[in-house]
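Open the structure in your viewer and keep the selection tool at hand. Each stop below names what to pick and what is there.

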Amino acid sequence: MSVFLGIDAGTQSLKLLAFDSEQGSVVHVGSAALELISRDGGHREQLADWWLTALRQCMAELPAALKRRVAAIGVSGQQHGFVPLGDGGAVLAPVKLWCDTSTTTECEEITARFGGTARAIDAVGNPLLPGYTAPKIAWLKKHNPEAYRQLRHILLPHDYLNYYLTGEIFSECGDASGTGYLNIFRREYDADMLAALDPQRDLAPLLPPLLEAADSVPLGTAAQREFGLPEGVRVSVGGGDNMMSALATGSVVPGVLTLSLGTSGTLFAHSDSPALDPGGELAAFCSSAGGWLPLQCTMNCTLSTELTRGYLRRDLDSCEQLLAQSQPGAGGIVTLPFFSGERTPNLPDASASLLGLNADNTSAANLYRSAMEGASFTLRRGLDAFARAGQRFNAVRLTGGGAASPHWRQMIADIFELPVQSPQSNQGAALGAALQALWASERHAGRALSLAETVDRHLHLDADASCTPVAATAAIYREHYNQFLDALGRLYPQYAEAAQRQDHGE
């Protein structure tokens with residue numbers, strides 16, 4: 001009876017999960033909290049060594065009986081981070097994360113050298129955004145030239161953990177899609193974008209080779225001894241947290257839209273071909289399953305509800321009661337929840353706004369509902385982007401901490417006008433990483449199962465957490481969604497045209 005480990009290095013914590021393939025269930029979950037360095041100017045960083053300390057803690061807590069049965073490990077990591085390695089694998093600087101918005105200038109400079117946003121979308125599939133890896137590299141060159149001179153390897157967070165586990169440097173197309181310099185059409189690094197990133201230095205030799213989705217690498221001797229794992233353990237290629245969450249929710253075939261309600265909010269779905277949004281808001285990423293994973297990410301999801309909850313000094317159960325006491329539309333209060341700026345829409349310097357407050361509607365119930373509606377409407381814009389890319393869905397699969405709220409699940413069903421389903425296990429990316437490790441192990445052993453077959457065998461939906469749209473409420477939310485778009489357009493005129501198109505039903 002083999003056990004497969006899934007490791008997920010997120011922003012707030014590192015999680016280690018053990019999945020028993022015979023039982024088809026999670027048999028252990030451990031986690032260790034991670035700190036975040038926040039500085040003025042949008043800087044959001046972590047130290048790579050913090051991830052290793054957290055990994056050691058989680059491995060130490062894994063029961064010996066499970067350790068003896070480990071067959072393979074999969075690693076998930078927060079996307080877009082930049083881990084600069086020098087000689088001997090030394091980390092040269094703090095890791096700038098996905099939520100770092102300090103690289104707006106570098107984005108503009110690289111984009112201008114490449115020939116503009118439209119050319120970037122046409123040539124490599126994606127525009128450059130401040131959260132992506134490419135501008136972080138340019139930022140290091142400009143602000144820490146000595147570290148840049150010593151730079152020998154450019155890794156993503158999950159690449160770095162794989163390097164620690166195996167002693168080998170490699171990546172894969174899914175996570176590499178979030179760098180800005182992967183050509184998602186050819187599934188290879190783009191020489192022209194790399195030249196625009198740094199015209200004076202050839203960065204190609206610094207990039208990790210790209211392995212295929214089913215590949216795996218032997219666990220290194222040093223890690224095997226450090227963690228007390230058996231011989232013969234293999235490490236799958238892993239991927240970004242969104243790519244691994246797609247495995248955990250079954251977004252490995254077309255028609256299923258996964259929505260992650262975490263600190264950030266993310267929508268993604270499997271596509272058999274590249275899915276391009278003419279509006280440029282949908283990230284045309286590759287998947288870690290061999291296809292593509294069009295994706296949209298917002299930076300303020302449970303961040304919005306948690307900040308509001310803290311202001312109101314309520315616990316989660318009390319907030320569920322507040323939702324029961326309020327009505328769709330929150331009495332006319334509109335929240336633009338851009339507490340950390342925003343990635344989609346692309347407003348890195350934006351601030352949150354509360355609109356429509358008056359003496360009659362300013363209540364705890366309406367404030368909390370409006371925070372949740374604002375986060376949900378921001379995500380609803382993503383459904384419009386998927387439609388522009390020709391994508392249609394028959395269900396939404398929810399994951400992330402916010403999916404535990406019954407009222408939020410129903411709100412998503414009503415706003416998206418789609419049935420909502422929830423997997424029985426809400427372990428997200430860590431579970432997806434374990435399932436990928438299981439599949440890679442089977443393929444290494446010569447069994448020709450598809451990843452979709454492996455996922456289908458182990459994915460179970462929670463009937464009690466499923467819900468369907470209520471027609472009358474959905475109609476109300478259509479009106480309030482348009483009010484949200486109108487407010488967005490008034491405060492940020494560059495989005496006014498999109499709001500007007502929505503008002504006219506286009």
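Over the ring of which residue does the charged end of Arg201 sit? Select Tyr148: the charged end of Arg201 sits over its ring, 5.1 Å from the centre. Bear in mind that this is a predicted model.

Next, pick Arg187 and Trp292. Here the charged end of Arg187 sits over the ring of Trp292, 4.9 Å from the ring centre.

Now turn to the aromatic pairs. The structure holds 9 of them. Start with Tyr160 and Tyr163: their ring centres are 6.5 Å apart and the planes meet at 45°, so this pair is tilted. Both residues belong to helix H7 (residues 157–166), 3 residues apart, or about one turn of the helix. Tyr160 is buried, at 7% relative accessibility.

Select Phe377 and Phe484 next. This aromatic pair is also tilted, with 5.5 Å from centre to centre and 45° between the planes. Phe377 is in helix H14 (residues 364–388) and Phe484 in helix H18 (residues 471–491), so the pair ties together parts 107 residues apart in sequence. Phe377 is buried at 4% relative accessible area, and Phe484 is buried at 2%.

Last stop: helices H3 (residues 104–114) and H5 (residues 133–143). Their axes come within 9 Å and cross at roughly 105°, so H3 and H5 are roughly perpendicular to each other. Show the side chains at the contact, including Cys107 and Ile110 of H3 and Pro135 and Trp139 of H5. The contact residues divide into 6 nonpolar, 2 polar and 3 charged.

Note on methods:
Residues are numbered from 1 along each chain as its sequence is written. This is a predicted model: local features need pLDDT of at least 70, side-chain atom pairs count only at pLDDT 80 or more; totals for chains, interfaces and linings use all residues. Side-chain values use heavy atoms; hydrogens and water are left out. Axes are lines fitted to C-alpha atoms, for helices over the stretch in contact, and angles run from 0 to 180 degrees between N-to-C directions. Helices (H or I, at least four residues) and strands (E, at least two) are DSSP runs, numbered from the N terminus. Angles under 35 degrees count as roughly parallel, over 145 as roughly antiparallel, 65 to 115 as roughly perpendicular and the rest as oblique. Contact means heavy atoms within 4.5 Å. Ala, Val, Leu, Ile, Met, Phe, Trp, Tyr, Cys and Pro count as nonpolar, Asp, Glu, Lys and Arg as charged, and the others, Gly among them, as polar. Rings of Phe, Tyr and Trp (its six-membered ring) pair if their centres lie within 6.5 Å; planes under 30 degrees apart count as stacked, over 60 as edge-to-face and the rest as tilted. Buried means under 20% relative accessible area, exposed over 50%, partly exposed in between (1.4 Å probe, protein chains only). A charge sits over a ring if NZ of Lys or CZ of Arg is within 6 Å of the ring centre and within 35 degrees of the ring normal.
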